[in-house]
Amino acid sequence: MKVQISETTLVVPATPPFADDHVLPLSHIDNDPNLRVSFRYLRAYVSTNPSTPSSDPFHVISSALSAALVHYYPLAGSLRTRPDRRLELVCSKGQGGVPLVRAKVGCTLDSVSYLDDLDTHFVEQLVPAPGPDEGLAYPCMLQLTMFDCGGFTLGTAIHHSLADGLGATQFFNVMAEFARGATRSSIAPVWDRDSLLGPRDPPRVEAPIREFLSLDSRFSAYEQPIGPVVRECFKVRDECLDRFKSQLLDRSGLNFTTFEALGAFIWRAKVRASNIPADEMVKYAYSLDIRKLVKPPLPAGYWGNGCAPMYAKQSAKDLVEKPIWETAELIKKSKRNATDEYVRSFIDFQGLHYGEGITAGKEVSGFTDWRHLGHSTVDFGWGGPVTVLPLSRHLLGGLEPCYFLPYSSASVGKKDGFKISVTLRETAMPAFKKEMEKFCSGDFGL
């Protein structure tokens, strides 16, 4: 299926949001080298009433975007690199804006299973894909694609240095409020990034940061030569997952969350399928929401990156050969680092060593759980999205991310369990599929 693009409109704030040109600093978390990418995802909305002009989603969303940019005008600015290699945001009168692409496709959302089946070639056409330079010039880009059924998708490419998923959702919720007729935002955005999440004076690193991060100015996490990668979607049934967690409890005496238990299985399966050398240190990476963890907590309107990376690591040999409950326990224990001191040490480490090439190294597997992030609140007037789908392949310093995702709320007969989206080097995917087939059949390899 071919997506047809008809126009691109540069949407600017409805009223001038500032009087003088200025530069906004980013936090040390915003400037994490692993966040120097455009994060891409989409939301799918079911049938609207296209026969009513006032219901034209493109008009409604472009107007709402223009109103929201008065409050979130940094999204209409541009990013640039400072002499110390960090990014900063440039806000200039009469310049910038958010490109909004208008497109259509000759099929219905139902005919493509509300995007539950993750046809990679098709969904990639529904989201802007800026290159590195374009992503800095336009840190927020949107695409609205109409389907024959009257439904539509809103594809987003937002530079990760400006916002994480929760911060971006805050912006889209404000957009949605204006789309539904609000005349003011229900939450005032807060910037203050350098003061709220800046380094201490003097900076100090007292948490185990160096255990997971090292310095190598020659290494680029997102340019590793692992060859072509592919993305596949796998279904996980509740009954199978419950049986797996029950068996882990029998063997270890420990209760594990789904993220810990299934994450351990997938991590092992990925490493085993990829034939990673036995002595290679492999890492399980995930994000920790720090908004309420730091002291004092971040204000409610803070929309910058409010997460810090967390890691579990072991050798590939230990991961493949040891009982899987030990890996799940390793992931569980990594959460003990979830402290204000860990966050402050991470920030101070960024401040002390940014120019030296901070990296988690090779063979990082990024995991994230999108099942309970509140994306359904983004209602432009036709109800919340029935499907939310991340497409980014760059996550937490790794090239092979794993997302835990809910089924589309519009799908019939798929309410049992959830799905996982796995990106993996092409040569490893056949062996990984066999590992997942074993899991679904109850052969957990404990």
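Three salt bridges are found across the interface of domain 1 and domain 2. The model is predicted. Its protein chain is divided into domain 1, residues 6-193, and domain 2, residues 209-441. This briefing covers how the two domains meet.

**Polar and charged pairs**

- Five elements of domain 1 each give two or more residues to the side that touches domain 2: β3 (38-45), α1 (57-68), α2 (120-124), β8 (152-159) and α4 (165-179).
- Of these elements, α4 supplies the largest share of that side, with nine residues.
- By residue type, the side of domain 1 that touches domain 2 holds 35 nonpolar, 15 polar and 14 charged residues.

**Position and extent**
- A distance of 25 Å separates the C-alpha centres of domain 1 and domain 2.
- Domain 1 brings 64 residues to the contact, and domain 2 brings 61 residues.
- The size of an interface is often stated as the accessible area lost when the parts come together.
- For domain 1 and domain 2, the area buried between them is about 5,200 Å².
- Carbon and sulfur atoms account for 60% of that buried area.

Notes:
Residues numbered from 1 in each chain as written. Predicted model: local features only at pLDDT ≥ 70, side-chain atom pairs only at ≥ 80, totals over all residues. Heavy atoms only, no water. Domains from an automatic or database assignment. Contact = heavy atoms within 4.5 Å. Buried area = accessible area lost by both parts, 1.4 Å probe. Salt bridge = Lys/Arg side-chain N within 4 Å of Asp/Glu carboxyl O. Helix = DSSP H or I, 4+ residues; strand = E, 2+ residues; numbered from the N terminus. Nonpolar A, V, L, I, M, F, W, Y, C, P; charged D, E, K, R; others polar.
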